[in-house]
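The sequence and structure are shown first.

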Amino acid sequence: MTANTEIFQLLPHLVIGVGIVLSVVIEISTKKSESILPWFTILIFVFAGAHSIINVYDYQILFGGMYAIGGVTAIFNFIFTIGAAIMVLNAVDYIKKSKMNFGEFYILVQSSVLGMMLMAGARDLFMIFIGLELMSICFYVLAGINRSRMGNTEAALKYFLLGAFATGFIVFGIALIYGTAKSTSIDQIVFAYEYFITDVLFLTGLALFVIGFLFKIAAFPFHMWVPDVYQGAATPVTGLMSTTGKAAAFSVLIIILSAVFTQNITNNFEILFAVIATLSMLYGSIVAIAQDNLKRMLAYSSIAHAGYMTIGLAAGNIESVSGIIFYLTAYAFMNLGAFGVIALIEGSNEENLDINSYSGLNSKSPILAGFMALFMFALAGIPPMAGFFGKYYVFVASIKADLTWLAIVGVFSSAISVYFYLRVVVYMYFKDSTSSIIIKNSFTGLLAVIISGLLVLVFGILPDTLFSIITSVLSY
Amino acid sequence: MIEQYLPIILVLVVAAVFAAAIVFSSRLFGPQQPSKIKIMPYESGKDPVGSTHERVSIKYYIVAMMFIIFDIEVIYLYPWGVEFRNLYNEYGFFAFWPMLVFLIVLELGFLYIYKKGALKWD
Amino acid sequence: MILEYILFAILGLVAVVTSVAMITRPSPVMSAIFLVLNFFALAGLYLLLNAQFIAVVQVIVYAGAIMVLFLFVLMLLNTDSEHAILKEKRKLKFIGIFIAVLVFIQIGYIVFYSAPSDSVTKEIAESINAGKIETIGTELYTTYVLPFLASGFLLLGATIGAIVLAMKKFE
């Protein structure tokens, strides 16, 4: 049987799988697992990310159409692994100070990344479901890992209940898709998409499936859990959930709808996605204005960003997909960077989350203030940063798809969002310090912020490099 | 098709009839003179106090959760055990290693809960 | 064939009666016991449909493990206060009846409008074997070996997550 030797082609997955097993062994065999595991985790993440991005042009379908490596999957794996590595680097000191310094934290992060990678590579609905569950269950636990804080438990419970509800939608969708398409293979579904889509049961199933994932990406009518969960969960965990979790959900949406993007088939969901994108952008941007808590503000801004990315799904052509993937990459690093700065400033008991804590930050720590300003500019989409090009590619694709009004709404909403992003910058640079905040020295935390800042700058100054890789691998 | 289950159905029916017969025959033949004191719950001769619905310790809950997880593992083993001979004849060692990896991963979980003292009863 | 009809009638009756009993018993523990009986009746129905694997899963996982968890949750909760809450929410009964009627209409629609065709298609003939343990064994450990291995990690993650959330002590 060839299928069984093919497993060695999945080197990044194998490394992370073996890494999880070894981490559990380390956790149960030594008392000092907390000081070994972070570095071990970062090591395997960097290896898996580097291996994926080096083999990006090596596109293969394995296990009889069950799984794909290389191509878009490799780019998503890069986002997941490098994003998670930055998050772990940021979390090393954070979880020590908030007394949740367990080795299990790292095991759960590794498992969730394995789940995301399985989602992005899956070419079968079963595989997607198992990857999704692996990611989600680890996220539920990570959200509530610090049981000594009320907000943490609340976040975990809300996330679990609503996430399980969304998973129910996805499973119902899978059942209907399987019932009509008589196959769980995505290749077959995509191949005969045009024929199946006329069947109302298939359409219902696909709609349920898509709604479940819109839940996971935090788009507007399904966003109820976002503010409380993002605010309640530990800051590095929020960073991971809001970036890589969103990217994983988008990877599935892109795969399942790939017939629309590549074969010029009418996009049945164009109106749905356009409406959801509009509402998410406007709702996220407008409500974020009223937020003084920085984590909550970034939570609402995350809804708005989900809206910008959904424009790409509405546009439904190959440029828009490249735009979404570029946007996800940029968003991952700028958001992780912003949450990294918040994690450094918030103090041992999350008391300094208010925007007033940032007043006069420039005089206390020019490096942190500089990087925070960089991330805020990037999130607002101001030109030399990566965030601008993400929006630019998506908007251009939507104009190409005759959705100019959607692009205009997007630009309008970005203009609104400039207000609350720049408010932070104004507080940092032009206000006198009112509170006496002591910023804890954390070398690893600072390193994580610097790395994500550099990545945002590199993708902003040289967007074409990444974008051309994405467009060339999308032709597979 | 269903005929192959006939012995099992018979066993179930006999078991049910037998159990019912024993319960009802004792009720039928035994003398019954219930009084208020007789039908009271027995608590070592003392008068019963409070509800019988005592809250149990959360520890039982962890054990129950672990039971589900390892129950699912058994479910995976079952079709493998049924089909192993055919799989082995066709694929040789490749029929064996996926289950080996699966079991290593899960028994590691078992070792983990053992080491963390989830099964300790103090 | 006549045996199948008799068994279907018995099992169907048991399933309906136990599920009605489950929602009408005042004691939650009694409800749980009736649910176990209901699961057994469903397992029998699955066997009649030639889906042995699902029948086994139904008995081992649902009637076994999940019901144990259910009962522990019931014993963990203070059931007396639940009664008070239920009494207050009597108005919800009408919403429940409304939804039940809606579901009945849906099922009725499906049953009456998708009458089985007389000719047995190739797909139906093949699907007879789909629920057999042999079929599932062969497919699960060859075609679906990757999801199978991934589910191992899923179970490991669930184990660790449960211990972290329920046991871990803060120093």
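Helix α5 of chain A and α8(C) cross in a left-handed sense. The model is a predicted one, and the points below begin with this pair.

- The axes of α5(A), residues 125–143, and α8(C) come within 9 Å of each other and cross at roughly 15 degrees.
- Because angles under 35 degrees count as roughly parallel, α5(A) is roughly parallel to α8(C).
- On the α5(A) side, the contact is made by A:F126, A:M127, A:I130, A:G131, A:E133, A:L134, A:I137, A:C138 and A:V141.
- The α8(C) side contributes C:L146, C:P147, C:A150, C:S151, C:F153, C:L154, C:G157, C:A158, C:G161, C:V164 and C:L165.
- Sorted by class, this contact holds 15 nonpolar, four polar and one charged residues.

**Contacts of chain C with its partners**
- Between chain C and chain A, the contact takes 19 residues from chain C and 29 residues from chain A.
- The chain C residues on that side comprise 12 nonpolar, five polar and two charged.
- Towards chain B, 43 residues of chain C are in contact with 39 residues of chain B.
- The elements of chain C giving two or more residues to the side that touches chain B are α1 (2–24), α2 (28–48), α3 (52–76), α4 (79–88), α7 (133–140) and α8 (145–166).
- That side of chain C has 32 nonpolar, eight polar and three charged residues.

**Helix pair within chain A**
- Helix α15 (residues 318–345) of chain A packs against helix α21 (residues 463–474) of chain A at an angle of about 135 degrees, with the axes 9 Å apart.
- The two helices α15(A) and α21(A) are therefore oblique to each other.
- Their crossing is right-handed.
- From α15(A), the contact involves A:I318, A:V321, A:S322, A:I325, A:F326 and A:T329, while α21(A) supplies A:L466, A:F467, A:I470, A:T471 and A:L474.
- Eight nonpolar and three polar residues form the contact of α15(A) with α21(A), and no charged residues take part.

**Overall form of chain A**
- Chain A contains 21 helices and two strands.
- Its radius of gyration is 21 Å, close to the 23 Å given by the globule rule for 476 residues, so chain A is as compact as a globular protein of that length.
- Along the principal axes, the C-alpha atoms of chain A fill a box of roughly 65 × 55 × 40 Å.
- Of the 476 residues in chain A, 61% are buried.
- Among contacts in chain A between residues at least 6 apart in sequence, 80% join residues at least 24 apart.

Conventions: Residues are numbered from 1 along each chain as its sequence is written. Chains are lettered from A and ligands numbered from 1 in the order in which they are written. This is a predicted model: local features need pLDDT of at least 70, side-chain atom pairs count only at pLDDT 80 or more; totals for chains, interfaces and linings use all residues. Two residues are in contact if their C-beta atoms, placed from the backbone, lie within 7 Å. Ala, Val, Leu, Ile, Met, Phe, Trp, Tyr, Cys and Pro count as nonpolar, Asp, Glu, Lys and Arg as charged, and the others, Gly among them, as polar. Axes are lines fitted to C-alpha atoms, for helices over the stretch in contact, and angles run from 0 to 180 degrees between N-to-C directions. Helices (H or I, at least four residues) and strands (E, at least two) are DSSP runs, numbered from the N terminus. Angles under 35 degrees count as roughly parallel, over 145 as roughly antiparallel, 65 to 115 as roughly perpendicular and the rest as oblique. A crossing is left-handed if the near helix is turned anticlockwise from the far one by less than a right angle, and right-handed if clockwise. The radius of gyration is taken over C-alpha atoms; the globule rule is 2.2 Å times the number of residues to the power 0.38. A residue is buried if 20 or more other C-beta atoms lie within 10 Å of its own, exposed if 12 or fewer, and partly exposed in between; C-beta atoms are placed from the backbone.
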